[in-house]
Amino acid sequence: MRASLEVADILRAAGSAYRATHAGHLSLHQLKVMSAIEYCRTAALGGHVEACEDCGHQRIAYNSCRNRHCPKCQGGAARMWLAEREADLLPVGYFHVVFSIPTELADIAFHNKAVMYDLLFRAASETMLTIAADQRHLGARIGITAVLHTWGSAMTHHPHIHMIVPGGGISLDGTHWVSSRPAFLLPVRVLSKLFRRLFLTRLLELHTAGLLAFFDDHAGLREEPAFTHLIARMRKKNWVVYAKPPFGGPQAVLAYLSRYTHRVAISNRRLISLDESGVTFRYKDYRRDGVDRQQVMTLRTDEFIRRFLLHVLPRGFHRIRHYGLLASSARKASLARARELLTDVPLPDDDVPEQPLDARPPCPCCGGHMIIIETFARWCQPRAPPHRTTPSARNSP
């Protein structure tokens with residue numbers, strides 16, 4: 001069911017004015033994202049006519065933009081991704097670990113997205129793999145699925161990594177499975193200290209190599225003394241690594257992943273209204289507890305668009321990554337060994353054909369299967385309006 005208000009509606013209403021006002025200050029990639037969302041599921045992208053095999057009901061379906069920043073296109077992408085990941089789950093508890101960086105470094109990351117986000121992935125994953133392999137802690141090789149989010153609930157810039165980690169791993173000599181404690185994976189204080197050290201050490205290396213750009217209030221950080229002073233201050237701060245309790249089981253893991261892996265800065269269901277005062281939407285204030293956590297905010301329309309575009313990722317940047325046992329180079333062999341050690345049922349043969357996932361909604365009249373009977377090109381319309389079945393027509397012999 002279509003939401004009453006969508007990000008696409010906001011961009012169609014105010015996108016042209018925003019582009020004109022900020023001409024020269026928007027990247028080509030940001031402009032393409034705006035256009036893709038505006039044209040998504042409209043005649044601009046073409047489409048097809050579907051008909052029900054049972055009752056003959058017809059409907060028009062316009063093509064999706066499939067842009068990874070489009071709120072409407074992520075549901076189907078998430079379902080297909082989850083279907084592929086379901087076979088990777090192990091019969092153990094799973095933990096949710098979050099790595100974030102201080103606000104001062106998030107400001108630098110905004111102007112250096114590719115290198116800083118990549119550094120965030122590398123530092124967080126190496127931290128987990130290193131501490132997990134330490135005999136004083138788990139002493140095992142673990143698997144990690146890591147997802148980058150760059151936003152807070154109010155769409156401010158807040159880059160952080162969400163990790164889903166099995167509660168255990170393969171021993172370093174590969175002979176047995178090492179289980180974590182039921183409600184404890186790794187000490188967050190130890191994780192936090194190593195994460196801080198790895199991130200700051202490599203950030204300093206990036207600055208020395210001249211791979212960081214600084215603008216406006218941060219222009220002074222181009223000089224080595226100023227940047228070194230910032231690094232020294234960051235070493236004195238407590239960095240946040242948060243570990244949530246384990247999930248209830250594999251299905252709970254999948255439910256979580258479906259909410260997090262393909263999420264964008266704001267979903268259409270959080271939007272409330274668009275009027276002369278701006279865009280009103282729901283958000284969570286994590287400084288509050290209970291029912292007070294749910295709040296409503298109104299932003300000027302241009303500010304809403306600005307915040308949305310803050311989270312456009314660099315072209316080609318992978319926001320979902322796998323490490324350790326789940327790294328693509330050795331995932332199949334590692335999971336097979338893990339299941340062997342856990343005495344789990346082996347994976348089915350990859351050569352066995354599977355039924356393709358049908359993303360088309362069923363017939364709204366009878367729930368039957370819809371098939372494509374006509375396609376039409378961009379900026380075109382079908383040759384005739386879709387045939388609408390009537391109750392008498394459906395019931396006639």
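Predicted model: local features only at pLDDT ≥ 70, side-chain atom pairs only at ≥ 80, totals over all residues.
**Exercise 1.** At what angle do helix H6 and helix H7 pack, and how far apart are their axes?

*Solution.* Residues are numbered from 1 along each chain as its sequence is written, and side-chain values use heavy atoms, with hydrogens and water left out.

Step 1. Find H6 at residues 188-208 and H7 at residues 224-235; helices (H or I, at least four residues) and strands (E, at least two) are DSSP runs numbered from the N terminus.

Step 2. The angle is about 175 degrees, and the axes lie 11 Å apart. Axes are lines fitted to C-alpha atoms, for helices over the stretch in contact, and angles run from 0 to 180 degrees between N-to-C directions.

Step 3. H6 and H7 are therefore roughly antiparallel (under 35 degrees counts as roughly parallel, over 145 as roughly antiparallel, 65 to 115 as roughly perpendicular and the rest as oblique).

Step 4. Arg-196, Leu-200, Leu-203, Leu-204 and His-207 of H6 meet Glu-224, Phe-227, Ile-231, Met-234 and Arg-235 of H7, where contact means heavy atoms within 4.5 Å.

**Exercise 2.** Now classify the packing of H1 and H2.

*Solution.* Step 1. Helix H1 (residues 7-21) packs with helix H2 (residues 28-39) at about 135 degrees, their axes being 9 Å apart.

Step 1. The pair is therefore oblique.

Step 2. On the H1 side, the contact includes Val-7, Leu-11 and Tyr-18, and on the H2 side Leu-31, Met-34 and Ile-37 are among the residues involved.

**Exercise 3.** Which strands stand at the edges of the open sheet?

*Solution.* Step 1. Read the order of the three strands, E4-E7-E8, with antiparallel pairing (two strands pair if DSSP finds at least two bridges between them).

Step 1. E4 (140-141) and E8 (177-179) are the edge strands; each has a single partner, so one side of each lacks a neighbour in the sheet.

Step 2. E7 (residues 168-171) is joined to E8 by three bridges, and Gly-169 has Val-178 in E8 as its bridge partner.

Step 3. Helix H10 (residues 331-341) packs on the sheet and touches E7 and E8, its direction making about 95 degrees with that of E7.

**Exercise 4.** Is Ile-101 buried or exposed?

*Solution.* Step 1. Look in the loop between strand E3 (94-100) and helix H4 (103-110).

Step 1. Ile-101 has 9% relative accessibility, so this residue counts as buried (under 20% relative accessible area is buried, over 50% exposed, in between partly exposed; 1.4 Å probe, protein chains only).

Step 2. Beyond four places in sequence, Ile-101 contacts residues including Leu-120, Pro-159 and Trp-239.
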